[in-house]
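Open your viewer and get ready to select residues by number. This tour goes from a sheet to the cores.

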Amino acid sequence: MSVISDTELLRLVTCGSVDDGKSTLIGRLLYDSKQIFADQLEHIEEASRRRGYETVDLALLTDGLRAEREQGITIDVAYRSFVTPQRRFQLADAPGHVQYTRNMVTGASTADLAIILVDARNGVVEQTRRHAYIVSILGIPHVAVAVNKMDLVDWSEERFDEIVAELRTLGLPDLHVIPLSALHGDNVVESSERMPWYDGPTLLEHLETVEIAADRDFAHRRFPVQWVIRPVGTDYRGYAGRVAGGAWRAGDDVVVLPSGLRTRVAAIDPGDEAVPGQSVTLLLEDDLDVGRGDLLADPTCPPQVVRELTATVCWMSERPLEPRARVLVKHATRTVPARADELVSVVDIHTLADVPGPERLELNDIGVVRLRLAEPLAVDAYSDNHATGAFILIDESSNETIAAGMVL
């Protein structure tokens, strides 16, 4: 196996207010860590010259849509992968505008760590608080705040300390704050001599060393069945999928949900043990009726089997969600019809206060919804297990993804 495939993967999302410098920071991160191909560099150099810039506009590396380049803003989520000797990275550059909240949720939904940018001149603004709120409800376990444009406040330690004090009021998990200048490269990959008062890691050093192994859910054994493998002419019957929680070994007791049937793990293919994130095939001791969409779990701490869900949802469709609307709920590997029984509340995106009993959820709204399911689902609270506590809503007629949800 190659060294690259052996290194640990860290999924990142960058977010923050408009013009805080997210795209420039990512460009700087890729440029200074030698992740840009020569033809890419030539392309952005040429584009920068056409715009009349004296230096290379590194934001062009991620602002890929034509509309973005013309307006100088980020609309879509731009994904980039890069590798250092310590770690592999998958980076999502989320948009800063309020009207693209759904894109930000999409980019952040699988992240291990969020980088929130703050303009050192403006400090914590409304959109910073909004993105901090979304980071919190999505349960992203690590947050690095990049206080950018320190060159425009004369590298002031006092200004940095003021921003740090304000950030600590937002209740962000595992918060690390780093002063930097994405434009000049200070404290992005290389340490800055212009801020001798800061003795912490650079942004890349922090990303390479943040501990993420403990973030996986080892407390709840969960295995959504994606495929049943039965080769013709053999008595082999295996259940393929990705481990959503816990460590699995031969001999483990298993309950099959939603049916409630009980058996034990006979073998794991390949290997002797499977851990969260691994794709494997489980073989069971008994020949039970198990199919795609079923969930194998630890019978001593099983998920709840429910016909009603209360969840936080981010509405992603231009057609609003109204009470009694019919939708499809796709949870893990199972999809069931459902009805929006009640719109419990919606978040006022400006004050972040819950407004009870809304008439509808509009595009980019975040609210609490009670769903009635046509068939039972085995679910955990999102705070316990992201894989079995998350779902998407699908439009029955168009098959369009219309919302992302987290079980409360």
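Two strands pair if DSSP finds at least two bridges between them. Strands (E, at least two residues) and helices (H or I, at least four) are DSSP runs, numbered from the N terminus. This is a predicted model: local features need pLDDT of at least 70, side-chain atom pairs count only at pLDDT 80 or more, and totals for chains, interfaces and linings use all residues. Residues are numbered from 1 along each chain as its sequence is written, and side-chain values use heavy atoms, with hydrogens and water left out.

**Whole chain.** Show the cartoon. The protein has nine helices and 22 strands.

**The sheet.** Follow an open sheet of seven strands, in the order β7-β15-β11-β12-β14-β9-β8. Its pairing is antiparallel. Now select 222-224 (β7) and 227-229 (β8). They stand at the edges with a single partner strand each, so one side of each has no neighbour in the sheet. Next, select 238-242, strand β9. β9 pairs with β8 in the antiparallel sense over three bridges. Find Trp 227: its bridge partner in β9 is Ala 240.

**The largest core.** A nonpolar core is a set of buried Ala, Val, Leu, Ile, Met, Phe, Trp, Tyr and Cys residues joined through side-chain atoms within 4.5 Å. Buried means under 20% relative accessible area (1.4 Å probe, protein chains only). Select Val 135, Val 145 and Leu 167. They have the most contacts inside the largest nonpolar core, which has 39 residues. Which element gives the most to this core? Show α7: it gives four residues.

Notes
Buried < 20%, exposed > 50% of the residue type's maximum accessible area, 1.4 Å probe, protein only.
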